[in-house]
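Colleague: I should like to learn how to read the features of a model such as this one. May we take them one at a time?

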Amino acid sequence: MDFRELHHGDRPLVLPNAWDFASGAALVEAGFPAVGTTSLGVAAAAGKPDAAGDTRAETLALARVLSRLPVPVTVDIEGGFSGRAADVAELVTELASFGIAGINLEDGRPDGTLVPLDHQTTVISAVKRAAPQVFLNARTDTFWLGDPDRDETLRRARAYAEAGADGIFVPGIVDDADISAVLETVELPLNVLYLPGKTEYERLARLGVHRVSTGSLPFRKALQAAVTAALGVTGADAAGHPPSYGDVQRLVGG
């Protein structure tokens, strides 16, 4: 099925996030109709911190091999690995040449601030002109960074839609009223990040969310499983929960 069509089914698309070819292939074998990538997993696997704009080469390399999968693949390109709209458009054009179906493009910056709105809309427009066939999931970090800001979220969602985005991603959004406000503001598929205990799938389905991403959770659970298996050789106990995002950043020196 076409990647765009997957956002308009009877139930929200569950998009699991891979960090290498084996994880992607395993997710396909488990029956998922599309696969995304996790920037934390890609960066940590390379010994680099996430969201630092330093994994362009690793992201391209992973995208190239994941394109062999028999399902649509969407790639997290963080902020595009450049401040120049033309560079980001060139990157997405290269991804499209591999057969990549979609991208995530975020407006959060490593220093915890947001990219100016006019610049981000310029980048989105440039990408869509260069690679119109690629599903551009415009991520806004208005809930992910600092205090949640519904008004700014809606302002950015409207602007990104007008610039040509194909979907809106608001990681960290959890409340029914906030989610409904985004759905009522733009007629684009809404992507919500799965947060255990906060964004239950059935509730998101009732609200009308179109896509639910797993983010770095599978990667972090895989790290926990690896440590558990190794400690299990001697019968030692492992931690009862997967490492947090911050834990992984600390492991790689981020």
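Colleague: Which strands does helix 3 lie across, and at about what angle does it run to strand 4?

Modeller: Please bear in mind that this is a predicted model. Angles here run from 0 to 180 degrees between N-to-C directions. Helix 3 (residues 56-66) lies across strand 3 (35-37) and strand 4 (73-76), and its angle to strand 4 is about 175 degrees. Helix 5 (residues 117-130) lies across strand 5 and strand 6, at about 165 degrees to strand 5.

Colleague: In what order do the strands of the open sheet come?

Modeller: The sheet has nine strands in the order 1-9-8-7-6-5-4-3-2, and the pairing is parallel. Strand 1 and strand 2 are its edges, each pairing on one side only. Within the sheet, strand 5 (residues 102-106) runs parallel to strand 6 and is joined to it by five bridges. Opposite Glu106 stands Arg139 in strand 6.

Colleague: How many aromatic pairs are there, and how is their geometry read?

Modeller: Planes over 60 degrees apart count as edge-to-face. The count is two aromatic pairs. Phe3 and Phe135 form an edge-to-face pair, at 5.4 Å centre to centre with 80 degrees between the planes. This pair links distant parts of the chain, 132 residues apart: Phe3 is in the segment before strand 1 (13-15), and Phe135 is in strand 6 (residues 135-139). Both Phe3 and Phe135 are buried.

The rings of Trp19 and Phe219 have centres 5.3 Å apart and planes at 65 degrees, so this pair is edge-to-face. Trp19 lies in the loop between strand 2 (17-18) and helix 1 (21-29), while Phe219 lies in helix 9 (residues 217-232), so the pair ties together parts 200 residues apart in sequence.

Colleague: Is Phe219 buried or exposed?

Modeller: Buried means under 20% relative accessible area. Phe219 has 6% relative accessibility and therefore counts as buried.

Colleague: Which residue lies over the face of Phe21?

Modeller: Arg68 does, at 4.3 Å from the ring centre.

Colleague: How does one check the length of a helix, and which residues of helix 6 are buried?

Modeller: The expected span is 1.5 Å times one less than the number of residues. The 14 residues of helix 6 (residues 150-163) should therefore span 20 Å, and its end C-alpha atoms are 20 Å apart, which agrees. Its buried residues include Glu152, Leu154, Arg156, Ala159, Tyr160 and Ala163. An α-helix has 3.6 residues a turn, so residues three or four places apart point the same way. Among the elements covering the buried residues of helix 6 are helix 5, strand 6, strand 7 (167-169) and helix 7 (176-185).

Conventions: Residues numbered from 1 in each chain as written. Predicted model: local features only at pLDDT ≥ 70, side-chain atom pairs only at ≥ 80, totals over all residues. Heavy atoms only, no water. Phe/Tyr/Trp six-rings, centres within 6.5 Å; stacked < 30°, edge-to-face > 60°. Helix = DSSP H or I, 4+ residues; strand = E, 2+ residues; numbered from the N terminus. Buried < 20%, exposed > 50% of the residue type's maximum accessible area, 1.4 Å probe, protein only. Lys NZ or Arg CZ within 6 Å of the ring centre and 35° of its normal. Pairing = 2+ DSSP bridges. Contact = heavy atoms within 4.5 Å.
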